[in-house]
Amino acid sequence: MKRKAVCLFLALLLWLLPFQSLALEDVAQYFEKLGDLFSRYGEYAQWTVAQKLEWIELLKVEGGQSVAQELDELDLPALPATEQEERVDRYLLSKYGDGAWLGSINLHYCLETELGPGYAWSLEEHAWVAQLYLKYFPDQWDRYIGLIPEEEDCSPEEAIAIARTAIAAAAQLPPDYDWEQFHVSVMFGVQRKYLENADPYYSIQLGTLSDDPERLPFSVMYSCYVTRTGEIMNTNDFSFTPSPEESISR
């Protein structure tokens, strides 16, 4: 367990280095502080004006020059509290939410704004986000905890190849089937409730991407779950890890 923790730390440290080029000058530090705000204050829609202004001050410090200029243009100190709140809500809805519903301002959507959509996250990004939630939301027992595969585990590339073979057999796909039409989303880990007593596994989803606002941005066509040793999982492992054959026959 100690070796796994050291490997995870080193992998995440290397992964964080490129973040210096993003708009937020230190994404890791920003989300550490933002995670703390959400853990203490709960859903954004329930925050007080003072609590919302804490987030604004955090953005001023961590968001870089362009964000600081945007916030200065809000001219918040000159406004009464009710107008401050309205202006802050509008700003955060445009930056992190859906533009209208305060419930859309949450930690997950903030992460997707800065890292990109969750279905495109790397294994390192999933693992880093998991550590963030474990620290600030330890009681979310249904959350999937991303981990980094160890040297003896099958690689992501091997797991994808195993999944494609199983999907092709279950769906009776031709040998020349065009797999390149799909975006592949890969995670490695296990649900929080099983973290201490179950091995991590690969969750592999093949789907199509869409920019159409009326459609899901990532529509899953096939899914497959592969153990760390390269075996296809089924509902005997967990009810939520059906094999391709079980999924297609339903």
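Select Gln-84 first. Gln-84 is buried, at 12% relative accessible area. Buried means under 20% relative accessible area, exposed over 50%, and partly exposed in between, with a 1.4 Å probe and protein chains only. The residue sits in helix 5. Helices (H or I, at least four residues) and strands (E, at least two) are DSSP runs, numbered from the N terminus. Now show what surrounds Gln-84. Neighbours within four places in sequence aside, Gln-84 is in contact with Val-49, Leu-53, Leu-76, Pro-77 and Leu-79. Contact means heavy atoms within 4.5 Å.

A note on what is on screen. This is a predicted model, in which local features need pLDDT of at least 70 and side-chain atom pairs count only at pLDDT 80 or more, while totals for chains, interfaces and linings use all residues. Residues are numbered from 1 along each chain as its sequence is written, and side-chain values use heavy atoms, with hydrogens and water left out.

**Helix 4**

Select residues 64-73, which form helix 4. Which residues of helix 4 are buried? They are Gly-64, Val-67, Ala-68 and Leu-71. These four are on the same side of helix 4 because they cover an arc of only 100° around the axis. The arc is that of the directions from the helix axis to the C-beta atoms. An α-helix has 3.6 residues a turn, so residues three or four places apart point the same way.

The buried residues of helix 4 pack against both. Turn to the other side of helix 4. There, Gln-65, Asp-72 and Glu-73 are exposed.

Stay in helix 4 and pick Glu-70. Glu-70 is partly exposed, at 38% relative accessibility. Tyr-91 is 21 residues away along the chain, and the C-alpha atoms of Glu-70 and Tyr-91 are separated by 9.2 Å.

**Out of helix 4**

Step just past the end of helix 4 to Asp-75. Asp-75 takes a positive phi of about 55°. Next, select Pro-80, in the loop between helix 4 and helix 5. Is Pro-80 buried or partly exposed? At 42% relative accessibility, Pro-80 counts as partly exposed. Draw a distance from Pro-80 to Leu-59. These two are 21 residues apart along the chain, and their C-alpha atoms are separated by 21 Å.

**The cysteines**

Select Cys-154 and Cys-224. Cys-154 is buried, with a relative accessible area of 10%. Cys-224 is buried too, at 0%. The sulfur of Cys-154 has its closest cysteine sulfur in Cys-224, 11 Å away, which is too far for a bond. A disulfide is a pair of cysteine sulfur atoms within 2.5 Å. By this rule the count is 0 disulfides.

**The whole chain**

Zoom out. The chain has 9 helices and 4 strands. Trace them along the sequence and the pattern reads α-α-α-α-α-α-α-β-α-β-β-β-α. Along the principal axes, the C-alpha atoms fill a box of roughly 65 × 45 × 30 Å. Of the 250 residues, 44% count as buried. Among contacts with a separation of 6 or more, 56% come from residues 24 or more positions apart.

Finish by colouring charges. There are 18 positive and 41 negative side chains, and the centres of the two sets lie 5 Å apart. Lys and Arg count as positive and Asp and Glu as negative, with His and the chain ends not counted. The place of a charge is NZ of Lys, CZ of Arg, CG of Asp or CD of Glu.
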